[in-house]
Amino acid sequence: MSGSSRPASRSRQIIPPRISAFFSAHRSISIVVGMALATTLLPLVVLLPPFSTFSRQAVWIDGFSIAGVFVLLALGLNVVVGLAGLLDLGYAAFYAIGAYSYAYGASPFSGLHVPFWPMLLVGAFSAATFGLLLGAPTLRLRGDYLAIVTLGFGEIVPIVFLNADTYTNGTNGIGGVFKPELLGYTFPLIEPLPFYVTMAVIVTVTMIFLYRLQDSRLGRAWMAIREDELAANSNGINTVTTKLLAFALGASTAGLAGVFTAAKLTLVSPDQFLFTVSFTVLAMVVLGGMGNIWGVAVGAFVLYTIQSVLLKQLNQFFTETQVPILKDIDFVQYQFLLYGLALVLMMLIRPEGLFPSRRRRQELHEAEFELAGDGDEAAEAPEAVQ
Amino acid sequence: MGNGRPVLAASAVTMQFGGLRAVNAVDLQIPHGAIISLIGPNGAGKTTLFNVIAGILEPTAGGVDLGGRRMIGPAKRAFLEPIVWVLPGVIVAALGVSVGQASGSAPIVAGAILVAMAILIATLLSAIIRPAWYQDLLTRLGVFRSARPSDMVQSGIGRTFQNIRLFQNMSASENVLVGMHTKLSSTPLDAFLSTPRQRAEEAAARVRASELLQLVGLRGRDDEIARNLPYGDQRRLEVARALGSNPALLLLDEPTAGMNPHETGEMMQLIGRLRRDLGLAILLIEHDMRVVMGISDRITVLDHGERIAEGTPEEVRANPRVIEAYLGSPAQ
């Protein structure tokens, strides 16, 4: 079916080609079906050992909701970093903007009570607006300089929220945020299931939209800019508006995640949105497979689950078995050390991430692909033309 | 060949980089459907002139007209632009403050300042995005800004590069689809909603991309990744991509560099076909004299940034200045 008969050299594809072809053709339906399956199976799987020994089902489901938040964040950052190739190190700022939008719009602090569901859109929209505002000054910057500016913005936003006492209640944060209501039913405080299902729906809808964008004129424009910005410009792509759209759309999912988080935790404070969050999400995107939408989603989910569940289990295990040195180490504290190690290892062994897109694998394993056959001409000739 | 007004007219284009004058008052005219070659020794300023015409560089002096309309040149009255950005916000703020002070109402003052800031942000964003109404406003005020490369493509110029600049990790078809960017009209919203219009446009676009690939001799290679194509095919793909925007003028920068005689002959035939079947005007930078003498209607010769000769191949071949500067001993 595909024109290229080149074998995938050393990196095997995780999904067999025929199945992935089917999914491509009926994408939206596959996503809905896949997510529905995952959403129903996950709470059941955790009833089985060994998962049942780690925590109760309710705690697991709660954890899945938070994992979903990170999936949304990773999906959005993937648009900016993976699709458009713009290194954004301050992504948590948009997350904060979404969260504070809802917290301000629906809490005793401000006295307003805007319903949750429209606020999802409002939060996404405000985050998108700030995405535009952040993106605007960065348009001429490349690589490292873009990263530094975005890093700066990521620092500025939480500090602004910290200091704007009248609107954000400063260090105490805004508490008592109202829970979502659906047709008269208010989401209970303790019961995790409604939030879990809500997040599953949000993730499904977001993924469908992102896939549609990726395969559209805009998605191609993003990829072109990532490949070669000058060539993109010289083929009619308005790199200014295209990059701004990447920032805006990428930020909007963070806005969604923020609104959800504020409603779930009923408390927002500036220290929830520090650089560590930006870094974690970036690590998830890189490790999961930059540019591949479902790869990033699965990667984020897996990483968050490992981080929140496995590390605690390691602690417990080593404490119970009384292993000499390890029992005194609190692995949860060392999660960033482990992230760092994982990133280093991945860059050495499999830089394209766990579930890379075909392109990314090719980009990063250039040498292998070119040596594998009649790519020789392509490899040699451009050098000859200087 | 020509029909009155030329497709492109460059007048007295000068490009100065600090102390180096790379292009010095060069005139160049390209009639409709003509094939013009731009030749000269290395460092003569050919690619610089190309980059000016394509919108990548803003010339120090002179200008380029496309279809009779001045598209490229040094900025005029650029100082007016910042005034346009700031003025609406300042007026609103001033009004609000004075009204507020007069009526002694603090909320009006605060509100006016907020609105002024919002207006300022909106105008700055417009300045960055430059929608059509903003550009019209600037034109009315007499402000001129040199066109960007994407604007030139919109106005009918397609371009290939000396060192191939394909989107290496995208397929041949996708490369051409990017070339067609300006001719597709679905918005991100259409993509979001997967409207029938968007799906129809995408399907038609893929068919057209296939046709363009076929035209340049890459039939059936739609799904091959660009970096895997042999060198000659990559050059052809670049041409197909440039054709995607239905240009009136094609700028080809050394299209036969690195090709053997057979491939060179094929490229010459392709260029001839593009002129004959699509009515394109073509401006070539070329070093291969067989190509230059073989297909050009007229030749412009540059040396050290200046135009030293212009005319038909026979005239140029016999011109002593050209021979001295570039061609060396005759008979090639």
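Student: How many bridges join strand E4 of chain B to E5(B)?
Tutor: This is a predicted model, where local features need pLDDT of at least 70, side-chain atom pairs count only at pLDDT 80 or more, and totals for chains, interfaces and linings use all residues. Residues are numbered from 1 along each chain as its sequence is written, while chains are lettered from A and ligands numbered from 1 in the order in which they are written. Strands (E, at least two residues) and helices (H or I, at least four) are DSSP runs numbered from the N terminus, and two strands pair if DSSP finds at least two bridges between them. E4(B) (residues 61–66) and E5(B) run antiparallel, and the bridges that join them number 3.

Student: Which residue of E5(B) is the bridge partner of Leu66(B)?
Tutor: E4(B) covers residues 61–66, and E5(B) covers 69–72. The partner of Leu66(B) in E5(B) is Arg69(B).

Student: Which strands stand at the edges of the sheet in chain B?
Tutor: The sheet is open and antiparallel, with its 4 strands in the order E2-E1-E4-E5. Two of these strands have a single partner each, so one side of each lacks a neighbour in the sheet. They are E2(B) (20–30) and E5(B) (69–72).

Student: What angle does helix H1 of chain B make with E1(B)?
Tutor: H1(B) (residues 46–54) packs on the sheet and touches E1 (8–17), E2, E4 and E5 of chain B. Contact here means C-beta atoms, placed from the backbone, within 7 Å. Angles run from 0 to 180 degrees between N-to-C directions, and axes are lines fitted to C-alpha atoms, for helices over the stretch in contact. The angle between H1(B) and E1(B) is about 115°.

Student: Are helices H2(A) and H9(A) roughly parallel or roughly antiparallel?
Tutor: H2(A) (residues 27–45) and H9(A) (residues 193–214) pack at about 160°, with axes 10 Å apart. Angles under 35 degrees count as roughly parallel, over 145 as roughly antiparallel, 65 to 115 as roughly perpendicular and the rest as oblique. The two helices are therefore roughly antiparallel.

Student: How many residues does chain B give to the contact with chain A?
Tutor: Chain A supplies 42 residues to this contact. Elements of chain B that give two or more residues to its side include helix H3 (106–129) and helix H9 (231–243). The number from chain B is 44.

Student: What ipTM does the predictor give the complex?
Tutor: The predictor gives the complex a pTM of 0.86. The ipTM is 0.88.

Note on methods: Contact = placed C-beta atoms within 7 Å.
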